[in-house]
Amino acid sequence: MTDDSDAALPGAESVPRSGARAVDADASGDKWAEARGLIDGWKGGVNIAHEALDRHVAAGHGDEIAIRWLGKSGERRDLSYAELTAQANRFANVLASHGLAAGDSVFAMAGRVPELYAAALGTLKAGLIFTPLFSAFGPEPVRTRMEIGDANVLVTTESIYRRKIAAWAHEIETLKLVLILGDTAPEGCVALAPAMAAASPEFETVATRPEDPALIHFTSGTTGKPKGAVHVHNAVRYHTFSGRVALGLEPGVTYWCTADPGWVTGTSYGIISPLVNRVTMLIDEAEFDLQRWYSLVQDEKVEVWYSAPTAIRMMMREGSEAAKPFDFSALKFLASVGEPLNPEAVLWSAEVFGQPFHDNWWQTETGGIMIANCPGAEVRPGSMGKPLPGIEAGIVARADGKIRALGTGEIGELAFRPGWPSMMRAYLHEQARYDKCFVDGWYLSGDLAMRDSEGYYWFVGRADDLIKSSGHLIGPFEVESALIEHDTVAEAGVIGIPDETAGEVVKAYVTLNPGFEASDALERDIRGHARKKLGPAVAPREIVFRKTLPKTRSGKIMRRLLKARELGLPEGDISTLETDET
Amino acid sequence: MTAADYRAIFLAELCRIAPDIDPETVGDGDHIQDDLGLDSMDVLNLVVALHDRLGVDIPEKDYPQIATPTLASDYLSRNV
C-alpha cells in the first residue's frame, strides 16, 4: 500500500479524496488496475447495476441465464440477463414514479425470491441506496435499523409486514413508500406486481460517481446500536476482482451462493459479484435441507459453491453415506465463509465432494473477501488462507495509540492497510465509531489471528464480545437491551458459548427485579419475549438466572468473566471487578 | 402411546425450544419453519429434544417428516 493512502486516515471525510487518488494512481502502476479492467465504467463514473446487467446485455449476452430460481415447492424459473435487466428497470421506474431519487434509501426484507434481486438491482440503477435486512429478524432489529438508516422505502412481503412492521411503520418519519411483493397490499402500502407490470421496462441507469453510496449493511457492535457500514459504487471493482480471484467466478460458470441476501455475503457474492462476472447463479428459496441441497448440486451441475461452516457441519452430521448416492462431478471449487471452518470439515468435504471447502475471511466492513484459500492454491485445513493480491494484511498489537506489527506465530489483531475499493466509507451517522477502526495507518478488524511462517493466516477469536452464531454476527448489547424490556428482568449479560454446529450460540445471564422468582416457566417466558422481539437467529437459546452479575466499578457487566467461567478458562485480569456473580 | 400422545409431546418440545409460540394457536398443518418461524438451529434442537425424550433417532433426510404436528405425530408413532 502506498503512503498516501495512509494519509487519508482516519475518517470518512477523507474518502472522496482516497477514491480520486486511487484513479489518479492508475498511470503509475495502480495495483487495482486489474480490478478496473474487469469493469466498464458508466458515463465517466461507476454504477454497480450497469456492470452487473446493462453492459452484458449491450455486449450481446442478454440471452444468457442470470438467475435460475428454485422455489420452495419445486417451482423453477430462469431469468436471462435481459429479463433481469427489464425487471430491475421496471423497479427503478416504480421508485421514480413515487418521486424517489438518487440518494434515497431502500430497505428490503423478504425471502429469496426473484423480485428481491430485481429490487436490489433496480435500486442501484436508480442511484438509490440499498439495505437488505435478514427476513428472520424480529420487529426490534428491523425498526432499529430502519431508524438509523433513515429508510425511505421498504420492500417486503405482506406476511412480514403484518407480523413485524405494520404496528410501528407510521412512526418511521422518513418512510414514504412500502412496496409489498405480490398482487395485493394492505392499506397504505403499494402492491409491487401491478406497479411493476405498469412500469416501463426501459430505464437509463443513473450516472453515479464512484464514491456515491450504493449499499448500507448493518453490523452489530459490542456496545450501542448496530452500525450501518456504507459502501460505494466503486466497490464493484473489488466485488468483480475478488469473485474472480477467490471464487473462480467467470462468464458461464454455474454458481450457488447459499448465503441469504439479508446479509453482506448474500449481497456482495450472492448478487453483485456473480452477475458482474456474468455467471448463472442459482437461488434456492428453501432453507437448508440436506437431500435438497445434494440434489440441487447434482441436478443443476453446480460448479462453484460458496457456503458456510454451519451448513457444512450439518452435512457432516449425516456422514458420508448420505452423500454417496449423488454425483458431484460438476463441482470445480468450493468455498466457505462466515466463521472459521474447522480442519475436520475441510478434510471431510475433500473426501465427500472430491475437493475441500476453501475457507476465506472478510467482514461487513471490508465489503469483499480479503484473505482466502484461492483456487489452485494449496489448502491448509483450519487456515483462512492468504491475503488476496493487492491486499496488505498484518497481525498487530495496539499500544498508546500506536500500532506495532507482530511477527510470525504471534497472536494479535488482524489488520489491513486501507485503500481497497470495497472498504466501507463510513458508519452512518457515527463518525467517532468509524474513526476508532483506524489506528496508525491500519484498519483494525476486531478479530484475533496468527500468521504462520508460510504466510497463511489462522483465526484465533474475537478481540471483543461479539458473538458469531451460524455465521451471523450478534451484538450482545442488542440482545441484553431486549431482555431487560421484560418486566421481570433487572440486568442481563449475554455471551456466545461454543456449539459444534453453529460455532457459537447465544446464552444469557439475567437477574430479576424484586418480587420475581426464577423458574422454568419464567425462563421460557423471557426467552419467548426475546424471540418475538429479536427473531430466532438473534435471541438467546438459553437463559440462566443469577442473583448478581459480575460488574466493574463503573457498573459494566463483565461478559468476558461470564464467558471464562462458562468455559472453565482462566479469569484473567479481574482488578476492575467490583461486584461478583452470585 | 397414541398419535395424540406423540402430538402432545412434539408440541411440548416445540414450545420449549420456541416459547414465543402459543401452543393453543398451533394448527395441525402448520409448518414449523414456514409458519411457526423456527430456524434451522431450532429444528436441530427439536430433533435432539425428541431423541432425549423418546430415544428416537431422526436423520436429516427425515426432517421434512416432522415439519408439521400431524406429520410428526405420524412419524413418531411409526418410529419410536
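Me: Which residue stands opposite A:Val510, and how should I read such a pairing?

Reply: A:Val510 stands opposite A:Phe545, which belongs to β28(A). The model is predicted, so to speak of local features requires pLDDT of at least 70 and side-chain atom pairs count only at pLDDT 80 or more, while totals for chains, interfaces and linings use all residues. Residues are numbered from 1 along each chain as its sequence is written, and chains are lettered from A and ligands numbered from 1 in the order in which they are written. Helices (H or I, at least four residues) and strands (E, at least two) are DSSP runs, numbered from the N terminus, and two strands pair if DSSP finds at least two bridges between them. Here strand β27 (residues 503–512) of chain A and strand β28 (residues 542–545) of chain A pair in the parallel sense, over four bridges.

Me: Through which helix does the chain cross from β27(A) to β28(A)?

Reply: A crossover is right-handed if, with the strands pointing away from the viewer, the path from the first strand over the helix to the second runs clockwise. In this case the path goes through helix α17 (residues 520–534) of chain A, and the β-α-β crossover is right-handed.

Me: How many residues of helix α16 of chain A are buried?

Reply: A residue is buried if 20 or more other C-beta atoms lie within 10 Å of its own, exposed if 12 or fewer, and partly exposed in between, with C-beta atoms placed from the backbone. Seven of the eight residues of α16 (residues 476–483) of chain A are buried, so this helix is largely enclosed by the rest of the structure. Among the buried ones are A:Pro476, A:Phe477 and A:Leu483.

Me: Is B:Ala49 buried or partly exposed, and what is B:Ala49 in contact with?

Reply: B:Ala49, which has its place in helix α2 of chain B, is partly exposed, with 17 other C-beta atoms within 10 Å. Two residues are in contact if their C-beta atoms, placed from the backbone, lie within 7 Å. Leaving aside neighbours within four places in sequence, B:Ala49 is in contact with B:Glu13, B:Arg16 and B:Ile17.

Me: How many residues does each chain bring to the contact between chains A and B?

Reply: Chain B brings 17 residues and chain A brings 20 residues. On the side of chain B that touches chain A, helix α2 (residues 40–54) of chain B gives the most, with four residues.
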